[in-house]
Amino acid sequence: MSNKYIALPKGISEKTFDSAIADFRSVLGDAAVFTSAQQLAPYIKTMMPVPDSDHTPSAALMATTVEEIQKIVGICNRYKIPIWTISTGKNLGYGAAAPAERGQVVLDLKRMNRILEVDKDLAYALVEPGVTYKQLYDYIAEHKLGLWLSMPAPSAIAGPVGNTLDRGVGYTPYGEHFLFACGMEVVLANGEVLRTGMGSMPNSNTWQVFKWGYGPYLDGIFTQSNYGIVTKFGFWLMPAPPAFKPFVIQYEDEEDIVEIVEIIRPLRISGVIPNAVVIAHALYEAPVKARRSDYVTGPGSIPDAAVRKLAKDHHLGIWNVYAALYGTPEQNEVNWKIVTQAFSKSGKAKILTEREAGDDPAFKYRASLMRGDMTLQEFSLYNWRGGGGSMWFAPVSQARGSETLKQMALTKQILAKYGLDYSGEFIVGMRDMHHIVDVLYDKTDPGQVKAAYQCFDELLTVFSAQGYGTYRVNTAFMDKVAETYGPVQRQVHKTLKKALDPNGILAPGKSGIH
Amino acid sequence: MRKTKSVRTVTALMLSISVIAAMTADIACATAETNTEKGFRWRNGAEVYSKVCSYCHESQVGPRLFGRELPPEYIRTIVRNGSRAMPPFRPSEIDDESLARLAEYIQRN
């Protein structure tokens, strides 16, 4: 065990690491290379039910230019040092700023935070990895550009590059973020700089407007991967609509999700409802308004009767469908008629707009998310069990009522076995749904830590056995998820890795790619 | 021809550098190769508070911080290490100097 460092990269001696650190310092300066326990403390904490020591970095590097990153990968190749790249480092519930494996060096790009271009007419942005949604939001407001962002719930402190590269989602009509990505600059492991799509052509002015370029489309292989370091990232922004009409539709029974999805799907596919609709369970919304301890004490998951009482007390449905209309007032009026007619048929739905629910704290933060305003209200979830434990379980479902009910029931059953609650929602794509469940537990309670780990492992095992794949996962379970997609895909990923990064220096272990 | 101006979030510098371009610009653009300017930096503790901390600590997600005379060293430790569900914030996000100003700001409010 090294005395000088709090961890070392796997297979690297202290002497070799000394040389690498000296070289990093010569490129970045002493102040941008961290090795002490105190300096590295913010890179260690995760919300996962595994010891922080499993994900302790050996060092962290703060780079601010492409040239510095090219030199860093040169040093990493020379000494076979693995680096784990982060942008804003706020992938909370998926691993935060900590590396996948103990001893990896964190390459922290937060200070590489220039907004390089925002084009009002063509409605796109080109930014560096450290730019936060808040920074871009303020920039757009300051310059009165009339463009809306789509961002995930940790909005203010997260950023578009990291979120999109991990294929995260938001809540506006641009909610499937990678669909709206357009052009990347990537530092490859050999130090070369690739601009994808039209960016490869000298003097092209279509890098951020035409996604495909010529030949095989490459942007996808730099998402959820470890084939390069993205240093610039283009994406499309939504022009602010003349009118915005958020609404919530509440249903009182868990089985009602079948009706909800069957009604929503055609409206979403046809574009009547254009945004990434959320179908949130009462327990996903409850923490904004209520404390768990007011409804249940002692071990075990919260009983259904308590959830019903809670929902009634706090004016929540057991399911809460948040959606919005975007357009001219006349367009919205036409679409509103279609929506209300569709949901009124069975008599089960309670339809609320800003007029009825505008002061409701759950409605308010959902409306903010659907228009790309900054809010961190969803973090109320973390107060539900307390203790800072959270993992996102994120299987994909067809947008078919029977399937969503089956996934919900299966998830709830497995969570209950381990004494955990179903804090779940479905984010509606056109034909798919991201089924998002916050597996919340108290990380200060060793019993709950063990239960959460076993529960998550069982969720992945059971869901994959039924053909339900997970779209994204925390750094403790990446190998397990990669395994569920079969040996051929895994081998192709490995082949690409060997070709692009033969020394395996870039984020070994990301998405199970070593 | 497309008109451009340098992009910076630090208002004072932005104004001093690109006043002429800004007067006529309808888009904001700078090419990566020629833009050697630094990116966003905090102005003061109040800005850090309003753009980061307030989203949780003013909305009942996290505890209220004002009026408690919290010692700066305690604030520094919590920000750098996190606490329960609160994530830590790195020097790359909130530099040491800005963190010191933030702690002073919280203590005196």
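## Two helices in chain B

A helix crossing counts as left-handed if the near helix is turned anticlockwise from the far one by less than a right angle, and as right-handed if it is turned clockwise. By that rule, α3(B) and α4(B) make a right-handed crossing. Before going on, a word on the source: this is a predicted model, in which local features need pLDDT of at least 70, side-chain atom pairs count only at pLDDT 80 or more, and totals for chains, interfaces and linings use all residues. Residues are numbered from 1 along each chain as its sequence is written, while chains are lettered from A and ligands numbered from 1 in the order in which they are written.

Back to the pair. Helix α3 of chain B covers residues 72-81 and helix α4 of chain B covers 96-108; their axes come within 9 Å and cross at roughly 125°. (Axes are lines fitted to C-alpha atoms, for helices over the stretch in contact, and angles run from 0 to 180 degrees between N-to-C directions.) Angles under 35 degrees count as roughly parallel, over 145 as roughly antiparallel, 65 to 115 as roughly perpendicular and the rest as oblique, so α3(B) and α4(B) are oblique to each other.

Which residues of α3(B) and α4(B) meet? From α3(B) come B:Pro72, B:Ile75, B:Arg76 and B:Val79, and from α4(B) come B:Leu99, B:Ala100, B:Ala103, B:Glu104, B:Ile106 and B:Gln107. Contact here takes C-beta atoms, placed from the backbone, that lie within 7 Å. By class, this contact has 7 nonpolar, 1 polar and 2 charged residues (Ala, Val, Leu, Ile, Met, Phe, Trp, Tyr, Cys and Pro are nonpolar; Asp, Glu, Lys and Arg are charged; the others, Gly among them, are polar).

## Chain B as a whole

Chain B has 4 helices and 1 strand, in the order α-β-α-α-α along the sequence. Those elements are DSSP runs numbered from the N terminus: helices are H or I with at least four residues, strands are E with at least two.

Of the 109 residues in chain B, 32% are buried. Buried means 20 or more other C-beta atoms within 10 Å of the residue's own, exposed means 12 or fewer, and partly exposed is in between, with C-beta atoms placed from the backbone. Take the contacts in chain B between residues at least 6 apart in sequence: 55% of them join residues at least 24 apart.

## Where B touches A

The contact takes 28 residues from chain B and 43 from chain A. On the chain B side, β1 (28-29), α2 (45-57) and α3 each supply at least two residues, and α2(B) gives the largest share, with 4 residues. That side of chain B divides into 15 nonpolar, 7 polar and 6 charged residues.

## A covered helix in chain A

Helix α4 of chain A (residues 133-142) is mostly covered, with 7 of its 10 residues buried. These are A:Tyr133, A:Lys134, A:Gln135, A:Leu136, A:Tyr137, A:Tyr139 and A:Ile140.

What do the buried residues of α4(A) pack against? Their partners are β5 (115-119), β6 (124-127), β7 (147-148) and α5 (160-165) of chain A, together with α2 of chain B. Just after α4(A), A:Lys144 takes a positive phi of about 50°.

## A spot in helix α14

A:Gln454 sits in helix α14 (residues 446-465) of chain A. Is A:Gln454 buried or partly exposed? A:Gln454 has 14 other C-beta atoms within 10 Å, so this residue is partly exposed.

Notes:
Two residues are in contact if their C-beta atoms, placed from the backbone, lie within 7 Å.
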